[in-house]
Amino acid sequence: LAQGIRSSGVDRSVPSRRWPAMQDEHQGQQKGVVALLQEFVQCTRHFPLPQHRPILQWAYDQRMVNATALEFRGTVAFLLDGLPHHICGGWHPSKKLAQRDAASRALAFFVGRWGEHLLESNGQPVQAPAVAKGAPNVRVLDAFCADFAACRDGAPDWTCAPASDGFVAQCRLTLLGVPHKFAGAARPTEEAAREDAARRVLWYFQCPGYEGIYAPDPRAPAVLAKEIPAPPPNWACDRAEVAELQKAERKTVLMRVQNRLQQEFAKQLKPGESVWEWDYEMDESDTAWPPLCRAKALVPSIGRTFVGDWARGQRDAQIEASCAIAEFLDGGGCETREPSSGSEWASEEGADQIESWSSAERWADMEIDVC
């Protein structure tokens, strides 16, 4: 909840879960879950949706199942009542199945579980937690979650990560049986970061005394940008999954970079022309097997040559060079790594200084890991 809200005295109800289309059961059966999710998001009543971009934005993780097969997991991002939400699905053998699963889980939570919770509460207002006046926000949140029926599955769990201007706290709690993650803004100390995040979560749940301290910010990057800012890498993974994702990322980098070059420079490529040309340098003094190798990839469409780091074997050397190309493309044409020295290849691109870059975006708002 870091970039999507601003301080305000405007009251805000708990995120709306109203969806007129769901009242027509026959209509719901005739539509796919992705279309139904988009309809639900468009029914938000507290905040107008941006008109310059897709309502639902998709991203995919992939992992190796075996030596030849991949599995995909979809994450859908959208604005709900002005706040960006990221919902993660399960693993599937195709992106289409992963997309449908993420959409289905989002609907199951927002329409199903949350709708049942509202019916069971009979419209009763949220009760203020029994804590002393002036208690820290973290303590207030603990007390609130202990009494709030939707999050009685456990106390909030906290982690803090270093940031360029301090620390960012992340609160993990289970809401109606579904793991959620909330992040605050950067603060100078870990304690201040936890207090900031707790304050934002209490506002999100409209805890008495916190209802009007924020409002959705119409100037937030999540609203104005072409894409909703992405959550942190591997935000929905445990440690074992992180290792699997990194392995898949490395093994498929050649294919992904090649596809990306073909898409971005399709108009410049002649029929039958390859997107890159490869050359290799071997370390003649190395006696191990496979030998140390460094790959050089010429991309004719942009007239640049990319040199990877030393690696064992041509395959890993190609991967290193492909990573350099990917960084160049991600940086909008600015290379992000210094070329390695020690051979004539290091100076082929001239002595121009290569500017480094860093992303100024931070995980914006709310993530929901639907397992």
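Helices, of at least four residues, and strands, of at least two, are DSSP runs numbered from the N terminus. The model is a predicted one. It holds 9 salt bridges, and its largest pocket has a volume of about 1700 Å³.

**A salt bridge between two strands**

- Aspartate 61 and arginine 73 form a salt bridge whose closest N and O atoms are 3.4 Å apart.
- Because aspartate 61 belongs to strand E2 (residues 57–64) and arginine 73 to strand E3 (residues 70–80), the pair ties together parts that are 12 residues apart in sequence.
- Aspartate 61 is partly exposed, its relative accessible area being 28%, whereas arginine 73 is buried, with a value of 4%.

**A salt bridge within a helix**

- In another salt bridge, the side chains of glutamate 264 and arginine 260 meet at 3.0 Å, N to O.
- These two residues, glutamate 264 and arginine 260, are 4 residues apart in helix H8 (residues 253–264), so about one helical turn separates them.
- Both partners are partly exposed: glutamate 264 has a relative accessible area of 42%, and arginine 260 has a relative accessibility of 26%.

- Aspartate 196 counts as buried, at 6% relative accessibility, while arginine 187 is partly exposed, with a relative accessible area of 28%.

**The largest pocket**

- The lining of the largest pocket consists of 38 residues.
- Those that lie nearest the centre of the pocket are Ala59, Tyr60, Asp61, Ala230 and Glu249; Asp61 is also the salt-bridge partner of arginine 73.
- At least two lining residues come from each of E2, E3, helix H7 (239–251), H8 and helix H9 (314–330).
- H8 supplies the largest share of the lining, 7 residues.
- Sorted by class, the lining has 20 nonpolar, 8 polar and 10 charged residues.

Terms used
Residues numbered from 1 in each chain as written. Predicted model: local features only at pLDDT ≥ 70, side-chain atom pairs only at ≥ 80, totals over all residues. Heavy atoms only, no water. Salt bridge = Lys/Arg side-chain N within 4 Å of Asp/Glu carboxyl O. Buried < 20%, exposed > 50% of the residue type's maximum accessible area, 1.4 Å probe, protein only. 1 Å grid on protein atoms, 1.4 Å probe; cavity = no way out; pocket = protein on both sides within 12 Å on 5 of 7 lines; lining within 4 Å. Points joined across faces, edges and corners; volume = space filled by probe spheres on them. Nonpolar A, V, L, I, M, F, W, Y, C, P; charged D, E, K, R; others polar.
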